[in-house]
Amino acid sequence: MWCVPHPSKPSHTLVLLDTEGLGDVEKGDPKNDSWIFALAVLLSSVFVYNSMSTINHDALEKLHYVTELTEFIRAKSSPVSNGAEDSTEFVSFFPDFIWTVRDFTLELKLNGRPITEDEYLENALRLIPGVNPKLKNSNRLKECIRHFFPKRKCFVFDRPTNDKELLAHVEDILESQLDPKFRKQTDNFCSYIYTHAKTKTLREGVKVTGNRLGTLVVTYVDTINKGSVPCLENAVTTLAQLENSAAVQKAADHYSEQMAQRVRFPTDTLQELLHLHAACEREATEIFMEHSFKDDQREFQKKLMEILKNKKESILLQNEEASAKYCQDRLEQLSTDLMESISAGTFSVSGGHKLYRKEKDRIERHYWQMPGKGVKAKEVFQKFIESQVTIEKSILQTDRALTQSEKALAEEQAMKEAAEKEQAWLRQKNQEQQQQIEAQHRSIQENIVQLREKLETEREDFLRDQTRILEHKMKIQEDFLNEGFKKKSEEMEAEINHLRNLIETTEKEKTPWISQALDHLATEASAILSAPAKLVDKGLRWLGSLFK
């Protein structure tokens, strides 16, 4: 295996997988070559098969492994799946096919007229009418190549050099010593690979990265070593479990990093923090959608939602604790003189209640002028007010400057003010609860919007793949007819009609299955986001002990 940066596609790596030669009679396992051939097909985006001199009957015979692919590769894990059904699926994930002919000895001509290398290959793959068993076997092999590999290409190469001495050590000679025509042919081949070789993709448009390639190799080889047949669907499922777990972690890490950078505790309002959460949650969900696939039951998306919800609640608690601590510390500083005066009995004199009220009002005025108090400002101050109720009553009752009616009026006024402050605090709590509910709705909606986009993209990819397969099947049908194989052409009609119906149904019913998936997610997400917020409950209990 050689891995090099792609010369013309940024962020792509060109991987060359070179297999051992096929057809070695000394190999112990007769299936060894078939497994190598199957692995090469499964792992590559461009499959290059090279032979010597010409594409003739013998060269085609050596490629008989193509006819065995249905025995060595399965597309689906369904126990009722059979070779015929699987072979129909092969087109959706098989690589492009390139036949390279080394030391080419013929002229590129057909019936006296010049032809291209591709025309040379396609002519070699034409079916020949007849009942001879060898001819039938040859036709079957050609059919398999044409069925499984819609995109085919051919390159022919002259000898690297006509100097026998140089040819004996061709690996060691300088490029300038190679035949100019051979060098040009090689450049053309390389240029084609650089320009036309696609990123390796699995079914449903899943792109194969370096890590995914490693997982696929291990999965396929382990399956073969256990005596089973590699199954693409199982491999993709294994890959999805690993990749989706990584996608959840990547998204969650991004959320944590971004919140840590953007949030400054305490925030002035809950809404400010919820807006930051929504922005980071949206980015995290986008990252998950980009890196996940085949999350059919939304298992991993729901897991991410739960993780982000827990992280959000933890951050909300940190915000509340930061606010409560800041407000408590400032209140303690502001009320130091008041508390010392109470301890010293300063207010236990005639007119003491008025002095007490003056000092208390000063504390309140300075407290509310103080910036950066955060979301617990009202609650902390309410606790402070509650802690002063009994003290104020005592001072009021011992104040000889006031008549009983004045004392009753003052007590009533104090109770009224305390009630108003409590109502203001309760209104804030209700408002924040409503903001939390709205934030949950926005979170669900954001997940639904992004899932809809992903599902619709997957649907379009599916339709594009099925349309490509349909066009390929129709081309094969037309070729059969042109080559005099009317019965084979007619036998394909049912398969073509099935594909047409599948495409037509998918186009017409463009919303039901997507809507069902979105409704299911909405129900599950509501349950996840509405779960009890244990962290917040804990925080409120802690706050209640501040002024005891």
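Student: At what angle do helix α11 and helix α16 pack, and how far apart are their axes?

Tutor: This is a predicted model, and the values here are computed from it. Helix α11 covers residues 270–291 and helix α16 covers residues 404–482. The two pack at an angle of about 20 degrees, with axes 10 Å apart. Angles under 35 degrees count as roughly parallel. That makes α11 roughly parallel to α16.

Student: Is the crossing of α11 and α16 left-handed or right-handed?

Tutor: α11 passes α16 in a right-handed crossing.

Student: Which residues of α11 and α16 meet?

Tutor: From α11, the residues are Leu-270, Gln-271, Leu-274, Glu-281, Arg-282, Thr-285, Glu-286 and Met-289. They meet a set in α16 that includes Glu-432, Gln-435, Ala-439, Arg-442, Glu-446, Leu-451 and Lys-454. By class, this contact of α11 with α16 has five nonpolar, seven polar and seven charged residues.

Student: How do I read a pair whose angle is well past a right angle? Take α6 and α16: at what angle do they pack?

Tutor: Angles over 145 degrees count as roughly antiparallel. Helix α6, residues 133–148, packs with α16 at about 150 degrees, and their axes are 10 Å apart. α6 and α16 are therefore roughly antiparallel to each other. Glu-143, Arg-146 and His-147 of α6 make the contact with His-472, Lys-473, Ile-476, Asp-479 and Phe-480 of α16. Those residues divide into two nonpolar, two polar and four charged.

Student: How do α12 and α16 pack, and what angle do they make?

Tutor: Helix α12, residues 299–334, and α16 pack at about 150 degrees, with axes 12 Å apart. α12 and α16 are therefore roughly antiparallel to each other, and their crossing is right-handed. On the α12 side the contact uses Gln-301, Met-305, Lys-312 and Leu-316; on the α16 side it uses Gln-436, Asn-447 and Leu-451. The classes are three nonpolar, three polar and one charged. Gln-436, Asn-447 and Leu-451 of α16 are also among the residues that meet α11.

Student: Turning to pockets, how much space lies in the second largest pocket, and which residues lie nearest its centre?

Tutor: A pocket can be read by its volume, its lining and the elements that supply the lining. About 1,000 Å³ of space lies in the second largest pocket. Its lining has 34 residues, and Glu-89, Arg-203, Glu-204, Phe-462 and Gln-466 lie nearest the centre.

Student: Which helix gives the most to the lining of the second largest pocket?

Tutor: α16 gives the most, with ten residues. At least two residues each come from α4 (83–90), α10 (232–262), α16 and α18 (493–508). By class, the lining divides into eleven nonpolar, seven polar and 16 charged residues.

Student: For the backbone, which peptide bond is cis, with omega near -10 degrees?

Tutor: Omega describes the peptide bond itself. The bond from Phe-265 to Pro-266 is cis, with omega near -10 degrees. Pro-266 lies in the loop between α10 and α11.

How values were computed:
Residues are numbered from 1 along each chain as its sequence is written. This is a predicted model: local features need pLDDT of at least 70, side-chain atom pairs count only at pLDDT 80 or more; totals for chains, interfaces and linings use all residues. Side-chain values use heavy atoms; hydrogens and water are left out. Axes are lines fitted to C-alpha atoms, for helices over the stretch in contact, and angles run from 0 to 180 degrees between N-to-C directions. Helices (H or I, at least four residues) and strands (E, at least two) are DSSP runs, numbered from the N terminus. Angles under 35 degrees count as roughly parallel, over 145 as roughly antiparallel, 65 to 115 as roughly perpendicular and the rest as oblique. A crossing is left-handed if the near helix is turned anticlockwise from the far one by less than a right angle, and right-handed if clockwise. Contact means heavy atoms within 4.5 Å. Ala, Val, Leu, Ile, Met, Phe, Trp, Tyr, Cys and Pro count as nonpolar, Asp, Glu, Lys and Arg as charged, and the others, Gly among them, as polar. On a 1 Å grid over the protein atoms alone, a cavity is a set of points where a 1.4 Å probe fits but cannot get out, and a pocket is an open set with protein on both sides within 12 Å along at least five of seven lines; lining residues have an atom within 4 Å of a point. Grid points are joined across faces, edges and corners, and a volume is the space filled by probe spheres set on the points.
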